[in-house]
Amino acid sequence: MNFATPLDADAIKQIRHSLWRRTRNVCLALALILLAAFALAMVLGDYPVPLPDLARALLSPLTGIRDPGIDFIVLNVRLPRAILAVLAGAAFALAGSLFQTVLRNPLASPDIIGISQGASAAAVFCIIVLGWTGASLALGAFAGALLTAAAIYALAWRDGISPYRVVLVGIAMAAILSAVIAYLFTRARLADVQQALFWLVGSLGAAGTSQLVPLALALVVLVPLAMLASHGLSALQLGDDTARALGSRVELTRLGLLLTAVALAAFATAAVGPVAFVAFVAGPITRQLVGTSSAGLLPVMLVGAITMLGADLIAQHALPATQLPVGVVTGLFGALFLIWLLISANRAGRL
């Protein structure tokens, strides 16, 4: 029996339309900001490229009009780096938003609950012990993230999965893996330590086909899966008992969403390293912009892409004659954002 009056139905329809319109406007604004940041990434550098030369270089594979110097800078150096920043930022952001929503905890992001630390420990082991580089190193980091996620899930299982147990086990696992990394450093040569530290900070400097293709293919597969699985998110946010009463298959839905998030974080980490805080900040920023308690998949991916690309622009151009790894900038921004979030929650009486 439907107890809603026509006025109630109209009010609900108006609220939904207002939310959809605000989300659409936010997505359009974010897309324009991303486009502007992408153009800046193409133009700025030690060798500035004017917009007409940029357009000609981007179209040169089709027109055949070439300038070898500018074409190399645009097509071989700046374009792969900018695309990798967008793809990795979107993947990290979507993974973090899925973790935070499924586990109903704003701290539940891959770089806090141990997933990134698992990839980092595996990568450091591959560098120091096995001497791997390139694609082999990325594969090792990917495997480390997946194994860590499986271990966290298994340790947190007790007649089902409690979001709080997952977060606590993940934080403990992150501490253990950080200790493993520290131990490996004590057994390594200085050159290997320097290589491992450069990877651990996170960098876009090695952008190329071997990083772009696997990450792009992963997004093509995983983003539609996340969209399909996200239909069960609303029920999960009401609590397990309520979700079951509504007919939702709680454990299967949660497992599917978590596996998708882990895969996104693992592919992104394998491509650019464990870039800090992008996964953590994208969801809260998107929720503030959209004005709802849940962040949509498209706006959160756009926020993540802007965060990563903007941080890389700052890392490359903030200091004269010095280029920083992108993880340095995202770490600083994420730490400041966390402090602001805690202060805001304290003033609102939520702490």
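What is the mean pLDDT of the protein chain, and what share of its residues reach 70 or more? The mean is 85, and 89% of the residues reach 70 or more. pLDDT is the predictor's confidence in each residue, from 0 to 100. This is a predicted model, in which local features need pLDDT of at least 70 and side-chain atom pairs count only at pLDDT 80 or more, while totals for chains, interfaces and linings use all residues. Residues are numbered from 1 along each chain as its sequence is written, and side-chain values use heavy atoms, with hydrogens and water left out.

Where pLDDT is low, the predicted coordinates should not be read in detail.

Now the fold. The protein chain has 14 helices and zero strands. Helices (H or I, at least four residues) and strands (E, at least two) are DSSP runs, numbered from the N terminus. Contact means heavy atoms within 4.5 Å. Of the contacts with a separation of 6 or more, 73% join residues 24 or more positions apart.

Of the 351 residues, 48% count as buried. Buried means under 20% relative accessible area, exposed over 50%, and partly exposed in between (1.4 Å probe, protein chains only).

The largest nonpolar core holds 103 residues. Such a core is a set of buried Ala, Val, Leu, Ile, Met, Phe, Trp, Tyr and Cys residues joined through side-chain atoms within 4.5 Å. Leu94, Phe99, Leu103, Ile115 and Met308 touch the most other members. Helix α3 (residues 68–102) gives the largest share, 18 residues. Beyond its neighbours within four places in sequence, Leu103 contacts Ala108, Ile113, Pro163, Val166, Val167 and Leu258.

Helix α4 covers residues 115–130. Of its 16 residues, 13 are buried, so the helix is largely enclosed by the rest of the structure. Gly131 follows α4, with a positive phi near 75°.

Last, the aromatic rings. Rings of Phe, Tyr and Trp (its six-membered ring) pair if their centres lie within 6.5 Å; planes under 30 degrees apart count as stacked, over 60 as edge-to-face and the rest as tilted. There are five aromatic pairs. Phe337 and Trp340 form a tilted one, 5.7 Å centre to centre with 40° between the planes. They sit three residues apart in helix α14 (residues 326–347), so about one helical turn separates them. Phe337 is buried, at 11% relative accessible area, whereas Trp340 is partly exposed at 45%. Phe333, Phe337 and Trp340 form one aromatic cluster.

How values were computed: The expected span of a helix is 1.5 Å times one less than its number of residues.
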